[in-house]
Each structure stands twice: as structure tokens, then as C-alpha cells.
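Student: I have a model open and want to work through its packing. Can we take it step by step?

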Amino acid sequence: MLMHTHEARLAALREELKRRGLDGFVVPISDEHMSEYVGGYAQRLAWLSGFGGSAGTVAVLTEPRDGPGAAIFVDGRYTIQVREQVSDKLFEYQSVPQTSVAAWLADKAPAGARIGYDPWLHGSGWAKAAAKALADTGGELVAVESNPIDAIWADRPEPSLAPATIHAAEHAGASSQQKRADVAEWLAARGLDAAVVSALDGVAWLLNIRGADVDRTPVTLSFVIIHADGTAALYIDPAKVTPELTAHLGNAVRVEPRDRFVSDLLKLAGMRVAVDPERSVAAIFAALKDAGAILVPTTDPTVLAKAIKNPVEQAGHRAAQARDGAAVSQFLRWLGEAAPKGDQTELSAAAALMERRQATGRLRDLSFDTISGAGPNAAIPHYRVDAESNRTIEPNSVYLVDSGGQYADGTTDITRTVWIGPEAPRAEVKDRFTRVLKGHIALATAVFPQGTNGSQLDSFARQFLWQAGLDYAHGTGHGVGSFLAVHEGPQRIAKASAGQAGTGQELMAGMILSNEPGYYKSGDYGIRIENLVLVEERAIPGAEGPFLGFETLTYVPIDRSLVDLALMTADEIAWWNAYHARCHDILGSQLTGADRAWLDAACAPLAGGAA
């Protein structure tokens with residue numbers, strides 16, 4: 001039934017493209033702010049194809065010539081998921097970065113093809129590359145004035161009108177006035193007159209505001225233009241503006257309707273304007289070019305400043321992690337008793353975890369849809385359970401849960417992989433789990449010189465899998481915001497790749513990242529162990545220069561039944577024991593009764609290991 005629905009939608013899109021004189025169209029998962037997670041109104045790719053991941057692109061040709069005439073492009077995180085959710089009768093499966101939308105279009109589109117794209121959903125770099133690839137075959141990339149999917153999506157949701165809210169100083173640690181002054185100083189030092197801030201988390205951080213316009217990310221739909229004198233204009237739907245917000249912003253921030261943003265861009269003629277190619281859509285670049293502004297492509301000045309958490313934000317994260325860790329521990333105790341009976345499902349487990357987070361009284365939202373994966377579904381790194389895919393958590397199997405919460409004082413993200421008894425786990429699963437654990441420990445204990453970037457540390461986490469001829473197809477770590485996006489740049493830990501932004505960013509004290517190596521055996525099970533870590537300065541006697549390391553922020557017991565002690569060194573066991581002693585210290589006072597008894601057992605020291 002769903003395939004027929006998406007077949008009809010694809011056919012309707014092709015008719016609309018014919019009406020507009022287009023030979024094809026490109027549909028990304030994106031919005032006007034190039035967000036990773038988007039509001040319901042911007043879920044065009046999911047509506048068209050059925051794909052539920054957070055990253056991907058579809059290309060559709062109006063007249064199929066070879067195969068289905070449409071393709072969906074995803075990275076290694078979604079290799080399995082895309083095949084389960086998207087029909088190969090309608091879309092070819094394409095893997096990035098091995099191929100690209102531009103290359104596929106250049107190969108598949110007819111000579112002289114006019115391929116449409118929405119300039120409010122794509123970056124300028126993508127548009128230039130796609131235009132060149134098409135031009136080489138006599139084709140043309142055409143910016144559309146309105147999105148053709150919107151013309152055929154009859155029940156498309158409206159953008160959220162939830163009011164923008166104030167992020168309190170007790171959690172922000174710095175006033176908006178101070179942040180704007182810092183950005184103004186940054187602009188002046190570079191001889192710039194203004195900067196465009198279009199990423200939603202950048203706007204939220206700069207003005208100390210939050211919102212409820214995107215599920216799982218507390219942001220409000222808006223743009224900012226900030227000037228070198230520290231004044232700024234916020235472009236936002238008037239329905240979202242409250243008297244409290246106006247008072248909070250003060251006289252130095254002008255509040256304008258969102259639809260005035262482009263006309264104000266056109267007023268920047270002759271000015272030197274900073275605009276971020278990774279975070280600003282092609283339409284913004286086009287408007288500034290039409291205005292006669294002097295475009296200075298550079299990273300949005302809020303990005304690095306936002307990534308380096310101040311002492312108040314760091315303390316807030318520790319508090320949020322402790323609160324969240326107690327909730328996750330309560331869930332794991334429950335799971336260990338309930339799941340072996342064979343009557344729990346992925347959905348019931350996710351709901352049980354949600355209940356325990358809600359019981360803290362402080363949860364604002366989840367930080368992403370919980371990845372609750374049983375057995376073979378755990379082998380899908382970014383699996384999202386729904387009523388159709390919901391699987392029973394079977395006794396004697398692996399269960400993986402990757403989840404997080406949004407709290408006013410911090411954003412959490414944790415993965416635990418557990419064995420559901422009553423029988424002992426098989427040797428292969430213990431081997432793979434222990435190799436992932438050893439990599440996790442290696443990264444958690446890494447000490448490195450200032451200036452080191454994420455790609456230089458990535459192999460620390462993979463080395464023990466590599467020794468067995470194994471690997472995983474996702475990054476090892478991503479940045480995390482403070483009551484903001486669970487995936488935050490510019491830092492990340494991953495293999496160096498032209499298609500992986502952020503791996504070249506040096507890690508700096510105050511940055512928060514995830515540490516999440518994994519292993520996935522398709523059709524059988526998946527393993528991931530994830531904690532959040534804070535980059536901190538390390539004092540090393542006799543060090544020839546400044547060095548850094550990681551403070552672990554997440555404290556929840558790791559499943560000891562999956563550890564193969566024969567693979568563990570004495571130092572690794574010492575780390576395990578110290579980590580679990582700290583878990584006991586942080587969580588013990590928050591747990592009572594059966595939960596406390598579970599914690600006591602889960603945190604008991606390990607003994608043994610390799611000689």
C-alpha cells in the first residue's frame with residue numbers, strides 16, 4: 001500500500017515537472033536553514049519516498065530512460081534502512097561519498113536537460129558543483145521560484161508558530177549582549193560590516209533564545225543579520241514574538257517579520273558580509289550578490305564560540321548527565337527483568353525509557369528519536385522504530401538503545417548495548433563487544449597535543465576492530481550542544497574524508513563530543529557504546545607544549561555480561577573499575593530499592609584479564 005502511495009506521489013511530481021518545463025528535480029532533507037533535523041513542513045523527501053533517515057537526497061527525472069529514473073542517495077549509516085523503507089522499483093539506491101547526485105544526473109539526464117532545484121534548500125557549493133556537472137553534458141541547473149513538491153502535497157503541515165522562549169542566564173553562562181559584542185569584535189578584526197546567521201542553533205545561541213519548531217531540537221524558525229557595531233535584526237514570524245522576548249532582546253536587536261529577510265539582504269549593497277557556505281542556502285548568496293554586497297565566505301562566527309562551552313554550560317552538562325544517567329539506569333534495571341520474559345518490544349522499551357526521563361520533572365524533549373533496536377534491527381546504526389518495524393525483544397539476543405534528553409541545563413546522548421538472557425551471550429558477540437569497548441576506552445583515555453583534530457584520533461577507537469578485519473561505517477564522535485542540537489559542529493571524530501565536514505577542526509578545551517565506536521553484523525545484531533566527553537587541558541610534567549584529554553560526562557553502567565575478560569588488559573580493567581566506581585558515586589544517591597541493588601551489582605569491580 002505504501003509503495004503505491006509513493007508511486008502515485010512520484011508520478012504527480014513528474015507531471016508537475018512537465019508542467020514547469022523541467023527534466024528533473026533534486027529533493028534534499030533540508031530546510032531554509034540547512035538543518036539536519038527539520039520541521040514537518042520540510043519533510044519533503046520522506047513524503048515523496050518513505051525514507052525516515054535524517055540525511056539523504058533524491059533525484060527524479062521527469063522521463064525515466066534507464067531503470068526507475070529516480071535515485072536516493074544516502075551514506076553508510078543508512079545502507080540497510082533505505083532498503084527497508086524505500087522501494088527499489090521506484091528509486092535506485094546510491095551510496096555517498098562513492099557517488100554524488102551531480103554525477104548521477106550527468107550520467108542519467110538527457111542531453112540539454114533542465115534540472116530544477118530549490119535554492120532555499122541547497123548550499124551554494126552544491127549548486128555550483130551540480131551546475132558544472134550538468135553544463136559538461138549540455139544541461140542546466142534551474143533555480144525554481146517555488147518548490148514543485150509543495151504544489152502537489154495537499155496536506156503539507158504549516159511551519160510551527162510556537163512562541164520563541166528565553167534561555168535563562170543561569171544556563172547560558174553569558175548574556176546575549178556579551179555574545180553579540182564578541183561577534184562584533186570578530187567582524188571588526190576582519191574588516192567586515194555584517195554577518196548572516198542562518199543556522200537555527202546559531203541564532204538560538206547568539207540571542208539566548210530557544211523554541212519548539214523542530215522536533216527534538218529546541219530552536220525557533222528565524223534568521224539574524226548582525227552588524228559590526230553589535231546591533232542585530234531578528235527575522236521571525238510575528239506570531240512567535242512575546243512581550244517577554246522583546247524585553248529580553250532589548251533595543252539593540254530589531255525584530256522584523258521573517259518575510260522581510262530577503263529585502264533587508266538586498267540593502268547590504270557595498271558592505272562586506274560574512275556568509276557561511278556550509279550553513280547558508282544558495283538563495284542567500286544569490287540575494288547578496290544581487291544586492292551588490294561583497295560576499296566573504298567564512299564559517300559563521302557563532303559556530304566555534306558555541307562549540308566551546310563556558311564553565312556554566314559545562315556544569316549544566318554534568319548535572320543533566322547525572323539526572324539522565326539515573327533515569328537510564330532505572331530503565332536498564334527494568335529491562336533486565338522484563339525483557340527475558342519475551343513480551344517486550346522495541347516500542348514498549350522506548351516508552352519505558354521515556355517514562356523514566358519524564359519522571360525527572362526536568363525533561364523538555366528527547367534530543368532525537370530513540371533508537372531502540374532488537375536483534376537484526378540493532379545492526380541499523382540510525383534505526384527508527386515504528387509500528388511496522390516494531391520487533392519483539394527476544395530472549396538470548398542483543399538489544400541496543402541509543403537515546404538522549406533535552407534539559408534546560410544540557411543535552412544528553414547515550415548508547416548502551418545489553419544482552420537479554422537468560423542464556424549467556426555467544427562467544428562472537430562477546431568478542432565484538434569487547435573490541436568496541438577497548439576502542440571506547442582507548443579514545444576516552446587519549447592524551448594529545450593541542451592542534452590535534454578529530455580524524456587524527458578516530459583510529460584510536462577502531463584499532464581493535466581493524467585487528468580482526470572489522471570496521472563500522474559511521475563517525476566515532478560528533479559535537480553536542482547545550483540545550484541545543486544533539487549533533488553540533490564544527491568538531492567531530494571520524495575518518496578524514498572530503499565528504500566529512502569537521503574532521504579537520506582541531507579539538508579545543510570546552511568542546512563536548514560523543515565517543516561511540518560500534519560494530520554491526522547485518523541481519524543479526526549491532527553493538528555501540530556511547531558516552532559524551534568534554535575536551536579538557538591536561539597538565540603533564542615535562543610536556544613540551546600544551547596537551548589535552550577527555551573528561552567523561554556520561555555515567556551509566558556498561559553491560560559486564562558482554563565483556564570477554566581474556567581480551568582486556570590490566571589497564572583497561574582498571575579504567576572499567578574506575579568508571580563504574582564513579583557511576584556508583586554519581587548515581588547511588590539518586591536510586592533506591594531494586595534500582596540501587598541493581599546499581600551495586602552492575603558497578604562491582606571486574607577481576608582478571610589478559611596477562
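The questions below go through aromatic pairs, strands, a helix and the nonpolar cores.

Tutor: Keep in mind that this model is predicted.

Student: How many aromatic pairs does the count come to?
Tutor: Phe, Tyr and Trp rings pair if their centres lie within 6.5 Å. By this rule the count comes to 12 aromatic pairs.

Student: How many residues apart are F51 and Y78?
Tutor: F51 is in the loop between α2 and β2. Y78 is in the loop between β3 and α3. The pair links distant parts of the chain, and the separation is 27 residues.

Student: Are F51 and Y78 buried or exposed?
Tutor: The cut-off for burial is under 20% relative accessible area. F51 and Y78 are both buried.

Student: Now W575 and Y579. What kind of pair do their rings form?
Tutor: The ring centres of W575 and Y579 are 5.1 Å apart. Their planes meet at 10°, and planes under 30 degrees apart meet the cut-off. So the pair is stacked.

Student: By about how much of helix α18 are W575 and Y579 separated?
Tutor: An α-helix has 3.6 residues a turn. W575 and Y579 are four residues apart in helix α18, residues 570–587. Their separation is therefore about one helical turn.

Student: Is Y579 buried or exposed?
Tutor: Burial needs a relative accessible area under 20%. W575, at 14%, is buried. Y579 has 4% relative accessibility, so Y579 counts as buried.

Student: Over which ring does the charged end of R462 sit?
Tutor: There are charges over rings here, including R323 over Y407, 5.1 Å from the ring centre. For R462 the distance to the ring centre is 3.9 Å. The ring under R462 belongs to Y472.

Student: Which residue in β18 stands opposite L366?
Tutor: β15 and β18 run antiparallel and are joined by two bridges. β18 covers residues 405–407. Opposite L366 stands G405.

Student: In β3, which residue is the bridge partner of T57?
Tutor: β1 and β2 pair in the antiparallel sense over five bridges. On that side, T57 is the partner of P28. β2 and β3 also run antiparallel, joined by four bridges. In β3, the partner of T57 is F73.

Student: How many residues of β2 are buried?
Tutor: On one side T57, A59 and L61 are buried. On the other, V58 and V60 are buried too. The count for β2 is five of five.

Student: What is the relative accessible area of A70?
Tutor: A70 is in strand β3. A70 touches residues including R14, A59, L90 and W104. A70 is buried, with a relative accessible area of 0%.

Student: How far apart are the end C-alpha atoms of helix α16?
Tutor: α16 has 18 residues, 427–444. At 1.5 Å a residue, the helix should span 26 Å. The model agrees: the end C-alpha atoms are separated by 25 Å.

Student: Why is α16 described as largely enclosed?
Tutor: Burial is counted residue by residue. α16 is largely enclosed by the rest of the structure because the buried residues number 15 of the 18.

Student: Which element gives the most to the largest nonpolar core?
Tutor: This core has 47 residues, and L437, F448, L513, V535, F550 and I558 touch the most other members. Elements supplying at least two residues each include α17, β27 and α18. With seven residues, the element giving the most is α16.

Student: How many residues are in the second, separate core?
Tutor: L192, V203, L234 and V296 are among its members. The second core has 31 residues.

Terms used: Residues numbered from 1 in each chain as written. Predicted model: local features only at pLDDT ≥ 70, side-chain atom pairs only at ≥ 80, totals over all residues. Heavy atoms only, no water. Phe/Tyr/Trp six-rings, centres within 6.5 Å; stacked < 30°, edge-to-face > 60°. Buried < 20%, exposed > 50% of the residue type's maximum accessible area, 1.4 Å probe, protein only. Lys NZ or Arg CZ within 6 Å of the ring centre and 35° of its normal. Pairing = 2+ DSSP bridges. Expected span 1.5 Å × (residues − 1). Core = buried A, V, L, I, M, F, W, Y, C linked by side-chain atoms within 4.5 Å. Contact = heavy atoms within 4.5 Å. Lists of a residue's contacts leave out its neighbours within four places in sequence.
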